[in-house]
Amino acid sequence: MADNFDVVELEHGKGVHGRDELAIQIVGYILIGLFALVCLIPFYLIIIASFTDESSLIQNGYPLWMKIKDFSVQSYQLCIKNPVSILMAYGNTIGVTAVGTFLAVLLAAMTGYVLSRKDFPWRNQISFFFFFTTLFNGGVVPWYILCVRYLHMKNSYLGLILPLMFSVWNMIIAKTFMNGIPQAITESAKIDGANDMVIFAKLILPLSKPLIATLSLFSALAYWNDWYNCMLYVTEEKMFNLQYYLQRMLGSAEAMRIVAEKSGMALPSVPLESMKMAMTVIATGPIVLLYPFVQRYFVKGLTIGAVKG
Amino acid sequence: MSEKVKSERKEKRREASFAKTVRRHWMLLAMLAPAVLYVIVFSYVPMSGIILAFKRYQYNGGIYFSPWCGLDNFKALLIAGKLGQVTRNTLLYNIAFIVLGVVFEMGSAILLNELHNKYFKKISQSLMFLPYFISWVVAGAVMYNIFNYERGVVNSILVSLGAQPFDLYNTPAAWPFVLIFLKIWKQSGYGSVVYLAAITGLDQEMFEAASIDGASAWQKIRYITIPSLVPTMMIMVLLSIGNIFRGDFGLFYQTVRSSALLQPATDIIDTYVFRLLITNSDIGVSAATGLYQSVLCFITITVCNKLVKKLDPDYALY
């Protein structure tokens, strides 16, 4: 994205011409600056709250800025001292994200490739077969009953992986991208005797790196941030993922029980309020740290598949 | 007689060519199989499950062998008297999300494009994109941090100023603003990137020509940039209108939690269905509500698409 900005810059020239251009600049810097600040402040508030002493939190509420005398790492210490359930939740999230993303990308790319093949006779009918599911669906109730009663996904990792494994939109992005790869590549490889699977794996996938990067990001984000399926399908604590674990921590009574049980501390002395914020930081950290590196792929990805049926 | 033979032959030939095509493309079909199977299991089979709306669900009978009960579930749904309220809430919230979403996303994309300072642009764009990357659970934690009655930042400030603390969780009227704000906060970064990509993809010669003709910066925005963004906007809006009766469950569930007091202002179809299904285990009525929602969605998207197709086929979804 940043590379493209240069073009615009050149066109504008460096100076500011005219009165209304000046006005647009001023309004632009103020509004965009405000917007960016509003997006940043909540993260700032949560981080400083997580480093604030519990007694200060109880007395003064969540702080607006860091006070040196209230600085405390007690909440993190507690998280580190009894890391089993947090590590388990991390493990579940990372494992499910890795497996799920791999399968989701493979499925979307493979399906998208077949449907982009001009010589495949039923591609329009099958495309519509997929697209129709975005127009009409049976609703959450039959889906839930099917998953729980007939597929036995309760307290199974399948319940965390399967629901997010295939998205018609990702498939359409893949199809759109692969429409742009010349059919001649497939055709000449066919003449050389390669079969479709080999063509896909050896020729098409290496040409689709931007697509794979984008789909991986979309899927990984969906898996990492998933709490819904965990809430529906998982009741065993050792299978909770990070987001659902955090969701339960935020409900006070539940958090109290978890922390007191794990730390052996007397209930009133548990630093509950700062723990909640520390858990939020721990659950969000990796995404936010990774974010500056993946952002440009994300932006690129948005432009490769003009989402259209 | 000969007619019959002819048509039989034709039939046979068609079968033969079908078998031949299958044989020729068996590997492509095999590559399609996992996704087709997935969609059958997780989309088409649940579609057949809409019959649950007309059944009295029994555990032993499951979806297909529970006894029929006619329209009892729908009657119960009407008697519960919530349907109008949740439908209205879903619709109004989504309209607000769509309209304000377009304004904020397009506006910030246009402004970002106009700004000269590269670093400012880069940093602010990154910051605006940040909320998109967090889950609704974390957004719920943000809400807790800011609006919690005893300890929230807002009340810390109010109390330190000597004002009365504000109890958001007892003030249904404030919730539309909070929810709309949160939604815009979380999605605008993403949306503005889509529009910004569309702007950078525009032919720069148009702008140069306009400059030479003496167009001001505002005129260029008004007469070139905004009209050029209409196709992108149409697609984004059409996609959201198709789901106008489907609420953002995460937003409403993680921020409102299960507060009965706030329900008149915050209950949407999705949270209502969820409550019926999980809390009340009222499978028949929740399935009926779900069917009602699916039908509404289907009608909206079909009608919308037809209209758009008539106006300008290029913008139609299918």
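Q: Is B:Asn73 buried or exposed?
A: Buried. This is a predicted model, and in it B:Asn73 has 8% relative accessibility, so it falls below the 20% cut-off for buried residues.

Q: Where in chain B is B:Asn73 found?
A: In helix H4 of chain B, which covers residues 72-80.

Q: OK, switching to chain A. How many helices and strands does chain A have?
A: There are 16 helices and zero strands in chain A.

Q: What percentage of chain A is buried?
A: Of the 309 residues in chain A, 51% are buried. As for the accessible surface of chain A, that comes to about 13800 Å², with 70% belonging to carbon and sulfur atoms.

Q: What share of the contacts in chain A with a separation of 6 or more is between residues 24 or more positions apart?
A: That share is 72%.

Q: Now the two chains together. How much area do chain A and chain B bury between them?
A: About 10100 Å², and 76% of that is on carbon and sulfur atoms.

Q: Which helix of chain A gives the largest share of the side that touches chain B?
A: Helix H2 of chain A, residues 19-50, which supplies 19 residues.

Q: How do the residues on that side of chain A divide into nonpolar, polar and charged?
A: The side of chain A that touches chain B has 76 nonpolar residues, 25 polar and 13 charged.

Q: How many residues does each chain put into the contact?
A: Chain A puts in 114 residues and chain B puts in 113.

Q: How many salt bridges are there across the interface of chain A and chain B?
A: Zero by the rule used. What the interface does have is 16 residue pairs in polar contact, both residues being at pLDDT 80 or more.

Q: Where is A:His152 found?
A: In the loop of chain A between helix H7 (140-150) and helix H8 (158-161). A:His152 counts as exposed because its relative accessibility is 57%, over the 50% cut-off.

Q: What about A:Asn155, where does that lie?
A: A:Asn155 lies in the loop between H7 and H8 of chain A. Its phi is near 50 degrees, again a positive value in a residue other than glycine. With a relative accessible area of 24%, A:Asn155 is partly exposed.

Definitions and conventions. Residues are numbered from 1 along each chain as its sequence is written. Chains are lettered from A and ligands numbered from 1 in the order in which they are written. This is a predicted model: local features need pLDDT of at least 70, side-chain atom pairs count only at pLDDT 80 or more; totals for chains, interfaces and linings use all residues. Side-chain values use heavy atoms; hydrogens and water are left out. Contact means heavy atoms within 4.5 Å. Buried area is the accessible area (1.4 Å probe) that two parts lose on being put together, summed over both. A salt bridge is a side-chain nitrogen of Lys or Arg within 4 Å of a carboxyl oxygen of Asp or Glu. A polar contact is a pair of N or O atoms within 3.5 Å; within protein, one must be able to donate a hydrogen and the other to accept it, and residues adjacent in sequence count only if both atoms are side-chain atoms. Helices (H or I, at least four residues) and strands (E, at least two) are DSSP runs, numbered from the N terminus. Ala, Val, Leu, Ile, Met, Phe, Trp, Tyr, Cys and Pro count as nonpolar, Asp, Glu, Lys and Arg as charged, and the others, Gly among them, as polar. Buried means under 20% relative accessible area, exposed over 50%, partly exposed in between (1.4 Å probe, protein chains only). Accessible areas come from the Shrake-Rupley method with a 1.4 Å probe; for residues, only the protein chains shown count as cover.
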